Amino acid sequence: MRKTMLTAALAAATLMVPALAGTAQAAPASGWHCKTSSKTVDHPGSTAVWDDFDFKVKTCAKRSGGTIYAKATVDIDGPPGFYGYSVVNSARALVQVKRSVSGPDPVSKYKYGPGLGSKMNNLNTSGNALYTSPTVSHKAGAGSSYYGDSVLQIDWKDDGKGLRSYAFSASPRV
């Protein structure tokens, strides 16, 4: 009798597993809309043969209620030989929320992200670093379309030119 009850219980459980799998809810999406773009920059203050920095910037935006958020992630692939070497005097990420209009898109809100220079001056032994900007937020106007935009501003060591700006692709509109 016990064996029959156990067999019946196992059979019932086996039949229920596919039904339960079909009712499981997927994890909610983060809501971020992102675009990644890349740029290679030859260190202008260096005379080394292999001194290129490859930047891969993922610019993201999302709308939550009446607020627009924007942020950027920067993947830095520098020369491995630059580990332990100070390569910039300063660097920062400029993250912006822009309103999409006819003509030039106005900046609604912006924020400078600190810490990019420190990441670039402290590359790992492979010459890499990862930087995430702070998130900027803006109360959106009704019916308007917005997007995130990012610019890296770098004052390269030993080039004497001050901050140089490197623009990357904007996020999709939200």
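Analyst: Before we begin, a strand is here a DSSP run of E covering at least two residues, and strands are numbered from the N terminus. The model we are reading is predicted.

User: Is D158 buried or exposed?

Analyst: A residue is called buried under 20% relative accessible area, exposed over 50%, and partly exposed in between. D158 has a relative accessible area of 55%, so it is exposed.

User: Let us turn to charges. How many salt bridges does the structure hold?

Analyst: A salt bridge is counted when a side-chain nitrogen of Lys or Arg comes within 4 Å of a carboxyl oxygen of Asp or Glu. The structure holds three of them. In one of these, K98 pairs with D149, and their closest N and O atoms are 3.0 Å apart. K98 belongs to strand β4 (residues 88–100) and D149 to strand β8 (residues 145–156), so this bridge ties together parts that are 51 residues apart in sequence.

User: Are K98 and D149 buried or exposed?

Analyst: K98 counts as buried because its relative accessibility is 16%, and D149, at 11%, counts as buried as well.

User: Which residues meet in the other salt bridges?

Analyst: D105 and R173 meet through their side chains, with an N to O distance of 3.8 Å. This pair links distant parts of the chain, since D105 sits in the loop between β4 and β5 (107–113) and R173 in the segment after β9 (163–167), 68 residues apart. R164 and D159 also form a salt bridge, at 2.8 Å from N to O; within it, R164 is partly exposed at 28% relative accessibility, whereas D159 is buried at 14%.

User: Which residues gather in the patch of negative charge on the surface?

Analyst: The patch is formed by D42, D52, D54, D75 and D77. Strands β2 (52–64) and β3 (67–77) each supply at least two of its residues. If we take D52 as an example, it lies in strand β2 and counts as partly exposed because its relative accessibility is 37%.

User: Strand β2 also holds S64. How far apart are the C-alpha atoms of S64 and G31?

Analyst: They are separated by 8.1 Å, although S64 and G31 stand 33 residues apart along the chain. S64 itself counts as partly exposed, with a relative accessibility of 40%.

User: How many aromatic pairs does the structure hold, and how should I read one?

Analyst: A pair of aromatic rings is described by the distance of the centres and the angle of the planes. The structure holds five aromatic pairs. In the pair of F82 and Y85, the centres are 5.4 Å apart and the planes make an angle of 85°, which is an edge-to-face arrangement. F82 is buried, with a relative accessible area of 10%, while Y85 is partly exposed, with 34%.

Conventions
Residues numbered from 1 in each chain as written. Predicted model: local features only at pLDDT ≥ 70, side-chain atom pairs only at ≥ 80, totals over all residues. Heavy atoms only, no water. Patch = residues over 30% accessible without salt bridge, like charges linked within 9 Å, V, L, I, M, F, W, Y side chains within 5 Å. Areas by Shrake-Rupley, 256 points an atom, 1.4 Å probe, with all protein chains shown as cover. Lys, Arg positive; Asp, Glu negative; His and termini not counted. Charge placed at Lys NZ, Arg CZ, Asp CG, Glu CD. Helix = DSSP H or I, 4+ residues; strand = E, 2+ residues; numbered from the N terminus. Buried < 20%, exposed > 50% of the residue type's maximum accessible area, 1.4 Å probe, protein only. Phe/Tyr/Trp six-rings, centres within 6.5 Å; stacked < 30°, edge-to-face > 60°.
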